[in-house]
Structure formats: C-alpha cells, structure tokens
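Please read this short report alongside the sequence and the model.

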Amino acid sequence: MRHFGTLDSPSVAPIFPFLGIGFGWLLALAFLDEYRYPDPGGVSLSAICLTLGLLFPVAVSALKNVSTLFRPEHLIMVGLAYWLLLDPMQGSYHLYGVSYQAVSKSFHLIALFGISVWLGLYLCRGGDVPRLQFPDSVRLSPQFVFLIIVFCFVVGLLRVFIACEFNPLCIADGILASRFESPWHLADIGNWDTLLVNLELFNRFVLPFAFILLRLERRVTWKVSLAFLMGLVVLLVLIQGGGRRQVGMVIGASAIVWVLLGEKITWRRSVVAVLALLPALYLFNVMGNARDEGIGTLFFGNKFEVVAPDIEKPAIKVDKNFLYFGYISETVPDHHPHTFGRGVYAILSAPIPRSVLPGKPGLHAFSLPAFYPHLPKNSGWSWTCSAVCDFYLIAGNLGVVVGGLLFGGLAYIFGGLLAGHRTVSKVMIFAVSGLILFLGLRAAREIVIFSVALGALWSLLYYGSAMVRKSSPR
C-alpha cells in the first residue's frame, strides 16, 4: 500500500501567497486603462497579472514538490483564474455598461477572496481544526468496484431508462437530439421525478471508478472494457444535456484519480494529466455551440460548424462570470441592497426541488435582468457570476472575506484525505471533494449541490464495502 508522502505537508510559507496575490493585484490595477477597459481585450493585461499572482504560490510549491500540485488550495487558485479571469484574458467580450470603478472593484474582490482562502487555510492549520478522514482499513476489491460501477450507471441513468422505456435505440436518438428535445427532458414522470433527478448524481462516479478498476485489475479485462463503455454512455448523456460543469467534474475527477493512483506522482504523469484535459476544454466549446441543435448535427447534419477562434469567439469559452460580476459591483449596494439571509437561504436550499420547497428564493435571490433590460427575461435563462460575486452579493466585502475563509477551511479539511496511506477509496473521495471546491467557484450553490454527491459516495464506499465483507464467506 503506497503512502501519500509529503502531499499532506504545508505547501508554501504564508509569505508566498500573500506576496504573490498582493503584487498581482497592484499590477492589475496599474495596467487597468480607464479609457480602453470596455473594449474586448481592454482588461487582458490586468487579468494576466492577477492570474500570475494567484498561481504564484501554486508554482512555488509544485517546483519544490510536484506531488503538491493537486492540493485543494491549489485547485481553488486555479479555479479562480479559470472561472473569473480566463475570459477577460482572452478578450472574450466587451464590458460596455460597466463602469471603470465596478471593474476595478471586481479585481479588488477577487484578490481579497484569494488572500482570504490562504488565511483560512493557515488559521485552520494553526488552530488544529479536525480534518476529514477515511479509514485506511477500507479496501476495495475489483469485484466490488465493478458492482459500484454497475450500480452508479443504472441508478444514475434511471431517469433516462424510464423515459425511454429501457429502449437502447430511444437512448441513442436522445443523445443525438438537442438538449431540450431528449425523451428524458420532455418526460413527465410525476412525483418520482424529484428523486430521479437527485439520483443522477451517481452517474458522475462511473468513469473515475473505471480508472480505479483498471488500476486494480492491471490489465484490460472484459469488466474494465464494459466499465469504460458505461462511462462513455454517461459522458454522452451529460454532453447532450449541455452541462459543462458536470462533464468537467467527471473528466477532472478521472484525471486526478489516474495521477494519484500511480506508483509515483511525477512531473511526467502530472503534465500528461494536464495535457489530457486540453481536449476537454475544446469539448466545452463544442458543447456550448452545438447543444441547441444537438451533437447529432456534428455527424448527420450541416447546421453546426466549428469556427476558427477570433476576438468574439475565444479559444476557450468559459462563462460571462466577470461581466456579470461587473454588473453586480455596479448595482449592489448603490441601487439594490445586499441579499443577506435570503441569499444564504438561496444557496443552502439549492439541492431541494421547488416542488418540495415551493417558497425558496430564486437563483441568487436577485434579478439581474431587472436592472439590465438587454438580458433575457425568459424562465429558462440563468446566469452565474462566481462564488466570489455570490458572497459579495450577500454581504459585500465582509461576505467575500468570510467566503474566502470558508473555502480555505474546506481546503484544509478536505486535505486530511491526503494523510496516511494512499488507498483507492481515499483517492476517489479526494478527487470528488477537490473538484467540488473547483466547481464551487463557478457558483456557491454548486458546493451544496455536489456535497450531496460526496456524501453518497462516502456512504457507498464505507457501508457498501462493510456489507460485502460481512456477506463474503470466511
């Protein structure tokens, strides 16, 4: 059984994150041109400076020891750069309608959140806060892992199977349809639909567990081949639905599992994993462009065509988080008060369907189109502005600091999984928990939603393996 080694040790001294983020923030403000900032690319240099500041402690730690590259706090720093700064770096859109002061405030709040993450991490470490642990004694056999894969596949796609009446041709047609025209989107399953939607969280585990099974079997068996086939089906269903964060969670967790289960965590293995994620970024672009017509048009139609990237079509399409962050910075609190408790309630109640909790507030407990008439007002349209923006919307600068401390504390708590022996159970739970922090930066409610999946995974591994041991002949 391999040990995590120094993966759990402190990554860098406090001076590096505070110095790096502080210096990057000052450069970002220094290069922010009051006259050019609204144009596409007008804030690119500022975004690059702040990104380098956020990633500075990650680089220092990785150069000292590459095995620390996948620590939770490092995933958070990469997440801040990805969800908030990658679009402005590429000049993906203009910022007309957002004042210079609002853009400057957005950069300030991102830096403040980043510093608060590290502060929360060091405070928890100094205060000896309890960390998340998973027993080293829980061992997973290849047979049990294969049973988990089949269980997650069947339960996670149960809504798809019921909508198609277990007809494989219907499922294939649905995968090729547009995201709003699949049988499982149009199906009216009644009161059971709430349960089936929540059970879909299990399908995120199929592909990462397939990599675990390959590692345990050490060769391509029929079980391994079937596991990867089931993982591919899950990916196609998620791609058809257009949910890039769900697809990102599956691919990202699989990459982390593949790296951490290696004989040794090396630069070569880490770089290969990162390079393997690049096609996923292109896949996200394809999903964003093709989901309204359906991925079937890529093969059987001519509606969709891949256009070469330009200033209006960035090489890597993310979300308009920075733009909407500017809108919020412009509007709150000058034209609308902070949402306070109602905003917290909107985040905590996110996993609960409205059919169960009809009085829960809408997303963010705030209507952005009410202040910006050019934004869509139809019920199917939604927007995100990142977790940093969510915390600012709730309680201003204080909310951003508290949110950063919360993320830093969670990074410390989840990092406890990196202590002790490197078992497949701990690696799987760590991969999901790390991705929860990364995806939670897109919107704070994602932390709550995907935490349900983490709890389900924990129960499945801990209690499921115990039941198998009890039923096995001695």
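This is a predicted model: local features need pLDDT of at least 70, side-chain atom pairs count only at pLDDT 80 or more; totals for chains, interfaces and linings use all residues.

Residues are numbered from 1 along each chain as its sequence is written, and side-chain values use heavy atoms, with hydrogens and water left out.

Rings of Phe, Tyr and Trp (its six-membered ring) pair if their centres lie within 6.5 Å; planes under 30 degrees apart are stacked, over 60 edge-to-face, and the rest tilted. The count comes to 24 aromatic pairs. Two of them are listed here.

| Pair | Centre to centre | Between planes | Type |
|---|---|---|---|
| Phe 16 and Phe 56 | 6.1 Å | 45° | tilted |
| Tyr 82 and Trp 83 | 4.9 Å | 80° | edge-to-face |

Phe 16 lies in helix H1 (residues 15-30) and Phe 56 in helix H2 (residues 44-64), so their pair ties together parts 40 residues apart in sequence. Helices are DSSP runs of H or I with at least four residues, numbered from the N terminus.

Buried means under 20% relative accessible area, exposed over 50%, and partly exposed in between (1.4 Å probe, protein chains only). Phe 16 is partly exposed at 30%, and Phe 56 is partly exposed at 34%. Tyr 82 is buried at 14%, and Trp 83 is buried at 7%.

One aromatic cluster is formed by Tyr 324, Tyr 327, Phe 366, Phe 371, Tyr 372 and Trp 383.

Pro 353 sits in the loop between helix H16 (340-348) and helix H17 (386-414). Pro 353 is partly exposed, with a relative accessible area of 24%.

Conventions
Helices (H or I, at least four residues) and strands (E, at least two) are DSSP runs, numbered from the N terminus.
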